[in-house]
Amino acid sequence: MNQLITELKKEIILQLNLQGVTPEEIEDNAPLFGDGLGLDSIDVLELIVLLRKKYGIKVNGAEEGKSVFYSVQSMAEFVYANQQQQQQQ
Amino acid sequence: MLIQNVYINGLSGISAQPTFDETFLSGNIQEPTAAYKKGVEPDYKQYLNPTASRRFSRLIKMSLVAAQKSIAMADGVMPEAIITGTGLGCLEDTEKFLGALIENHESMLSPTAFIQSTHNTISGQIAMMITCYHPNYTYSNRYFSFESSLLDGILMLQDNSCKHVMVNAADEVIPSVHTIIKRMRLWDRSESIAQQAGMPVTIGEGVVSMIISSEKKNSSLAQIKAYKLLYKLPAESSIEAQLQLFLQEASLSVTDIEVILLGMNGDPSNDCYYEPVRTMFSDSTQLVYKHLFGESFTASSFAYWLGAQFIRTQKIEPFCILSDKQRAPKHILVYNQFRGKYHSFCLLTDVEV
Amino acid sequence: MSSRVLITGIGSVSSIGLTIQELTDSILKSDSGVSRKTRLDSILARSLPTAQIQLSDEQLKSRIPGLSCKNVYSRTALLGMLAASEAVAMAGLTQSNCKAAGLVNSTSAGGMDKGEFFYADYLKSPTKGNLKFAQTHDCGDAAEQMAALLHIEQYITTISTACSSAANAMMHGARLIKAGLCDVVVAGGSDAICKFTINGFNSLMILSEEPCKPFDKNRTGLNLGEAAGYFVLESEASVKRRGAKPLAVLSGYGNACDAYHQTASSPNGEGAYLAMMQAINVSGYKPTEIDYINAHGTGTQNNDMSESVALLRIFSENLPPVSSTKAMTGHTLAAAGGIEAVMSVLAIQHGWIFPNKNFNDAIEETGIVPVTELQTNKTIKHILSNSFGFGGNNSSLLISAC
């Protein structure tokens with residue numbers, strides 16, 4: 001899980017072009033939107049593309065995205081759960 | 001169109017020359033370092049928050065920074081309209097999205113490039129940067145892109161719906177478009193303007209941001225006294241006749257015009273249209289600029305930057321001179337056209353005229 | 001110098017009619033052009049409902065006399081030429097009138113329908129690709145083609161502000177007339193559907209997989225369409241000189257920026273509110289005199305909520321009948337303001353209020369119930385027509401009976 005969290009932080013920085021932000025500066029449980037990193041609705045869409053491209057996971061729109069993308073921790077849990085499901089299939 | 005009380009109160013330009021820091025006006029001329037006239041860009045970190053500007057292409061960053069500077073020069077006024085002219089729009093993002101679309105067969109496309117590719121992104125981002133709820137327009141029509149923007153701004157000042165209007169021009173070059181333009185033999189023909197032989201005209205990029213205002217200030221750079229756009233010359237008329245009419249309406253004659261700023265670009269099929277004008281104004285100092293700034297749909301905006309600066313400083317940059325009559329610039333006629341179409345005439349004058 | 005800006009000609013082409021007559025017939029049947037049929041060769045367009053004009057470029061070209069068979073025309077230019085020439089013919093303009101006229105076009109896609117093909121070839125090799133497809137790519141190309149066809153020589157320009165483009169074009173046209181720079185202006189917008197736009201909107205996740213439901217609480221997004229809509233705007237002096245018969249008056253207009261977000265509209269509908277208020281103020285009429293509002297109403301969660309809030313801020317309990325016609329025409333981007341302005345003139349002429357199709361349940365927070373069936377025999381004197389675009393570019397036109 002820790003490896004996944006670190007990997008996700010790097011991917012988020014890349015996908016959203018967060019120049020000047022390092023993975024160490026992103027707290028696992030800090031909110032990504034509003035306060036925290038201050039991301040917005042376009043970033044949600046970018047993260048949806050990220051999950052699809054990198055992990056093959058589909059997020060069905062911004063509504064589902066709200067809980068999935070709350071923090072890096074929630075993203076990692078979502079990816080992990082989906083990967084488990086994919087392995088079982 | 002005769003105009004009352006239109007002053008250029010704020011002005012900023014980012015171009016292939018060091019115009020942003022204005023050292024160009026002290027003779028700091030940039031030799032071309034790239035295959036085209038690439039913009040000399042400022043250090044954006046000084047002006048833009050990196051996280052807030054994470055999505056922005058070069059063109060948008062250039063536009064935002066130029067807008068900041070022109071507003072600051074105009075004592076921080078809130079523009080009551082923001083109008084931008086761009087001939088080709090945000091090419092970097094257009095190419096990014098189109099390329100991804102083709103390569104990924106219409107799947108898993110990132111939205112950022114699409115959003116940033118729309119032509120009105122520049123005007124829209126400027127409005128967000130300064131929280132401006134006022135009218136917001138974007139013109140994109142070849143060699144009238146900037147000119148229509150300026151016309152609309154002048155109309156809004158003249159009908160008193162605005163006191164201060166921001167008028168911008170913005171166009172960028174990307175390598176693929178340079179290649180395509182060369183294939184079209186459009187703006188990169190490796191030819192030079194006479195007497196500027198060392199500097200062939202190629203495609204150029206950059207932005208200009210102006211605050212025009214109905215309020216005269218001590219710091220006003222210049223006035224716009226008359227302005228006219230004519231897509232095609234009437235069959236029964238000539239360029240000389242149109243210019244005579246233009247000057248007559250402003251109660252001026254040819255001899256009153258100390259300086260003319262011409263949009264010649266080295267292409268014989270284009271520059272031939274300037275010859276009758278050069279003959280008509282043979283006693284005026286004649287200037288050119290596209291060998292320094294390049295050619296594009298909005299390159300003419302640099303003529304306005306130059307004209308206003310020359311009037312303000314009362315000094316003409318020697319590298320712009322095609323023919324020198326040693327005349328102090330109080331009345332500058334800016335004339336641009338492209339292969340016999342898109343004629344624009346503007347009379348810039350000293351603030352006290 | 002200021003006088004009324006009169007509308008003396010209208011022209012449109014869309015998925016519900018290639019002419020004003022066909023549009024009128026479709027309206028009477030409350031037809032919709034939204035379907036699963038696609039002429040556009042796109043994976044997405046095959047899986048989503050769109051409102052396409054089911055004619056090929058060649059078929060469109062054959063309906064426009066005077067075009068060169070050697071030239072390449074973008075689809076956007078073809079749609080624009082068709083609609084604008086109808087407006088010019090309706091206004092009875094001669095070639096001499098046109099020479100001295102202005103053209104204010106608008107588009108968001110421009111010639112991208114051809115540009116996409118060019119770039120796909122170019123990607124294989126920089127020496128490949130039909131250069132003519134690249135030459136028609138930029139926004140200004142359609143205006144040049146239209147000016148050549150219509151013999152307009154004095155002034156041409158193009159506005160590109162996404163979904164508010166055509167409305168903004170009409171505003172610039174009105175300013176030119178009021179300033180005395182032109183007596184006649186052909187103004188409007190045109191957008192052809194292409195892969196770039198349908199994929200772009202899909203990446204924003206705002207395309208509905210069903211026919212759109214403007215203002216419905218269960219709305220899931222918009223349906224893209226293609227269209228062109230134009231006015232001939234004219235000064236009173238010119239109308240009198242020519243003995244022309246005006247159809248309506250462009251009595252008010254407003255543009256404001258939401259300055260909130262690149263793609264989302266503000267929760268309090270600030271830009272929409274300001275644009276509508278400006279249009280009403282410029283007209284000199286009162287909100288209580290508005291007989292019908294042709295809303296932007298795209299069917300997206302965000303726009304319909306934001307627009308509803310703005311409408312209630314202005315009209316509160318006295319909201320006039322309102323509807324969105326996008327369930328009939330699709331969202332035609334830059335052309336939307338143009339075709340909806342044309343429909344507003346028809347509404348005034350015929351006494352219609354258009355149906356907001358596919359509506360069932362009101363948005364809970366605002367409770368607005370649009371008109372759901374075509375209404376006829378109404379007295380329609382003043383219509384507010386809204387067009388709100390990306391980047392927070394909000395425009396509103398007030399069109400009145402003469």
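The model is predicted, so local features need pLDDT of at least 70 and side-chain atom pairs count only at pLDDT 80 or more, while totals for chains, interfaces and linings use all residues. Residues are numbered from 1 along each chain as its sequence is written, and chains are lettered from A in the order in which they are written.

Let's start with chain B, which is divided into domain 1 (7-213) and domain 2 (222-349); such bounds come from an automatic or database domain assignment. The centres of the two domains, taken over C-alpha atoms, are separated by 22 Å. Their contact takes 46 residues from domain 1 and 35 residues from domain 2, where two residues are in contact if their C-beta atoms, placed from the backbone, lie within 7 Å. On the domain 1 side, α5(B) gives the most, with 5 residues.

Now step to strand β2 (residues 82-85) of chain B. Strands here are DSSP runs of E with at least two residues, helices are runs of H or I with at least four, and both are numbered from the N terminus. Both faces of β2(B) are covered: B:Ile82 and B:Thr84 are buried on one side, and B:Ile83 and B:Gly85 on the other. Buried means that 20 or more other C-beta atoms, placed from the backbone, lie within 10 Å of the residue's own. In a regular strand the side chains alternate between the two faces of the sheet.

What does β2(B) pair with in the parallel sense? One partner is strand β3 (residues 136-139), over 4 bridges, and another is strand β4 (residues 164-171), also over 4 bridges. Strands pair if DSSP finds at least two bridges between them. In β3(B), B:Tyr137 is the bridge partner of B:Ile83, while B:Asn168 in β4(B) stands opposite B:Thr84.

Helix α4 (residues 121-130) of chain B is mostly covered, with 7 of its 10 residues buried. Among them are B:Ile122, B:Gly124 and B:Ile126. Just after this helix, B:Thr131 takes a positive phi of about 50°.

Finally, look at chain C. Here the axes of α8(C) and helix α14 (residues 336-350), lines fitted to C-alpha atoms over the stretch in contact, come within 5 Å and cross at roughly 70°. That makes α8(C) roughly perpendicular to α14(C), a label for angles of 65 to 115 degrees. Residues making the contact include C:Met170 of α8(C) and C:Ala341 of α14(C).

Key:
Axes are lines fitted to C-alpha atoms, for helices over the stretch in contact, and angles run from 0 to 180 degrees between N-to-C directions. Angles under 35 degrees count as roughly parallel, over 145 as roughly antiparallel, 65 to 115 as roughly perpendicular and the rest as oblique. A residue is buried if 20 or more other C-beta atoms lie within 10 Å of its own, exposed if 12 or fewer, and partly exposed in between; C-beta atoms are placed from the backbone.
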